[in-house]
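Here is a report on one protein chain and its ligands. It moves from the overall fold to the ligand shells, then to single residues.

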Amino acid sequence: MAETKKIQPDLSFIRGVMAAGGDTVNKCYQCATCSVVCPLSTEDSPFPRKEMLWAQWGLADKIAGDADVWLCHQCGDCSAYCPRDAKPGDVLGAIRINAIKHYAEPKALADLLSNTAGVLGTVIAAFVVWYIVAFLWSLHTGIKFPFPDGEVNYHHYFTFIPIDIVVLPIVGLVVWASYKGVTNFWADISKGSGIVSYTGTGPHPPLGILFTKYGIPAFQEILSHKRFEECGQTAERAKGHKLLLWSFIMLFIVTTVVFILNDIIYVPFLHEEFTPMPQWNPIKIFANIAAIMLVVGAWLIIKMRKQKTAEGVLKSSEQDWILVWLIFSVGATGIAAELFRLMNIGGIAYPTYILHLATVVTLFLAVPYSKFAHLLYRTTAYVYQRYEDDMKAGKAGFGLEVPVNPVGPPPAEEEKTEESEEPKEEKS
Ligand code: SF4
Ligand code: SF4
C-alpha cells in the first residue's frame, strides 16, 4: 500500500505569488508543454512545470530549495505555448519576487523598496538627507549654501568626507544583507538537491576552489548573456540587459579607481582632490561611456517591456518597472548633472546633483531588497548548477566526491500520495 503523507500548503506563500503577478498559477493542468518548449530548461531538471505544481500546492519549502526558479529569464516562450494561458514565465517571476522578500533582512526594507510609493519616499528622504549634509558641510567649510559662488564644482560642495560618512554605512548594510541572503539561499538549494554542504550539517567545499572552478565560468556565461540570447519571445531584451550589466561593471571600476585616488592617495597625501576630472581624462571618458550605456540599456528594456506587455507575451510587475525606471533615473540625473556643471548653471546643477546622489543611494540600497537582488540569486544559481552537476557525478573534488544523497532531495515531510504523483515530462 502506498505511503500517505499530508501536505501542508503555505497559504500565505500562494497569496504572495498571486499578488506579485502569478495570479494565473491555478490555471495550470500539468500538461508539461512549458518544460518542453523552455529553451533554458535542462533534461535532468526540467522547469517550469514542477514549479507550477509546487506553487499551486503552496509548497514554499520545495520552491525555496529549487535553484531552477532562478535559471528562468522570463523570456515568455513557455507562456506563449501554454494551452491554459497559465503564464508560467510570469508565475516564476512572481515566485522570485517572493523569494527576494523571503531572504531579505530586515524585511521592512524589502517591503519599503518593493512598491512605488516606498521607492519614491526613499528617494525624497535621501534627497532631504543629502541637502542637510550639504548644509552642515557648508558650515564647516564656509562655502555658500545652497548655491556656492564661482564655477560649479560638486566637490567643493561635497568632498569625499561627507559622502563617505553617508554612503559607507549603507555599503555595510547592503554587503551584510547580500551575504545573509545568498548564504541562506545556498543552504536551501543544497538541502533541496540533497547536497548537504553549507547547510551546517556537512563539510564545506573550500571557497577558493568553489570560486575558481564554478564561479568564474558562471560569471563568464553571465557576462556573455548566452542563455538570455536563447530566449525566443523576448530575445531583444538581452541587448538592453547586457548594456546595463556592462555599464554597472564599468561604473563600479570608475568608482573604485576614484575612491582609491581621492580617498587614499590625493586627499591624505597631496591635500587636494582628483576630481572633477577634465573631459579628456581616460577615466572620465570611460565613465561617460558607461553612463550613456546605462541610460540606453534601461530605455531599451522599458521599450521592450511596454511592447511585450501590450502583445500579451510578458507581464511586467510593479517591481519590474520600479527597478528599470530607478536605473534610468540614476543614469539620466548623472548625465544631466554633468551637462549642467559644464554649462555652469549652478541653480539647476546643484539640485540635480543632489537628486542624482539620492537616486544612486536608493538604487544601491535596493540591491538585496528589490528585484535588483536577482543579480545575487541568479548568479548563485548559475554557480550552484555547475557545482551540483559535478557533485552528483562525483567529479567535484573537495574530498566530497560522493554526495550525501546522490539521487536527489532527502525525503520531504510533505510527500504526496501515490494518486497525486507528479507527471514526468521529457525534454525533446
Ligand atoms: S504549459 Fe505548463 S503551465 Fe501551462 S498548463 Fe501545461 S504544465 Fe501548466
Ligand atoms: S519564461 Fe522562458 S526561461 Fe522562464 S520558464 Fe518560461 S520559457 Fe523557460
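## Fold and confidence

Residues 24 or more positions apart account for 74% of the contacts in the protein chain with a separation of 6 or more. A contact means that two C-beta atoms, placed from the backbone, lie within 7 Å. This is a predicted model: local features need pLDDT of at least 70, side-chain atom pairs count only at pLDDT 80 or more, and totals for chains, interfaces and linings use all residues. Residues are numbered from 1 along each chain as its sequence is written, while chains are lettered from A and ligands numbered from 1 in the order in which they are written.

The protein chain holds 16 helices and zero strands. Both are DSSP runs numbered from the N terminus: helices are H or I with at least four residues, strands E with at least two. Of its 428 residues, 39% are buried. Buried means 20 or more other C-beta atoms within 10 Å of the residue's own; exposed means 12 or fewer, and partly exposed lies in between, with C-beta atoms placed from the backbone.

The average pLDDT is 86, and 88% of the residues score at least 70. pLDDT is the predictor's confidence in each residue, from 0 to 100. Over residues 401-428 it stays under 50, and the model has 45 contacts beyond four places in sequence for them. Where pLDDT is low, the predicted coordinates should not be read in detail.

## Ligand shells

The largest nonpolar core has 96 residues; Val17, Ala55, Ile95, Leu294 and Ile327 touch the most other members. Such a core is a set of buried Ala, Val, Leu, Ile, Met, Phe, Trp, Tyr and Cys residues joined through C-beta atoms within 7 Å. Leaving aside neighbours within four places in sequence, Ile327 contacts Leu244, Leu294, Ala298 and Leu363.

Buried residues of H13 include Leu294 and Ala298. H13 has 30 residues and spans 43 Å from its first C-alpha to its last, close to the expected 44 Å. That expectation is 1.5 Å times one less than the number of residues. Gly312 follows H13, with a positive phi near 80°.

## Two residues compared

Beyond four places in sequence, it touches Gly65, Ala67 and Tyr384. Its C-alpha is 9.9 Å from that of Gln385, 196 residues apart along the chain.

Glu273 sits in the loop between helix H12 (237-270) and helix H13 (282-311). Glu273 counts as partly exposed because it has 18 C-beta neighbours inside 10 Å. The C-alpha atoms of Glu273 and Val258 are separated by 9.8 Å, at 15 residues apart along the chain.
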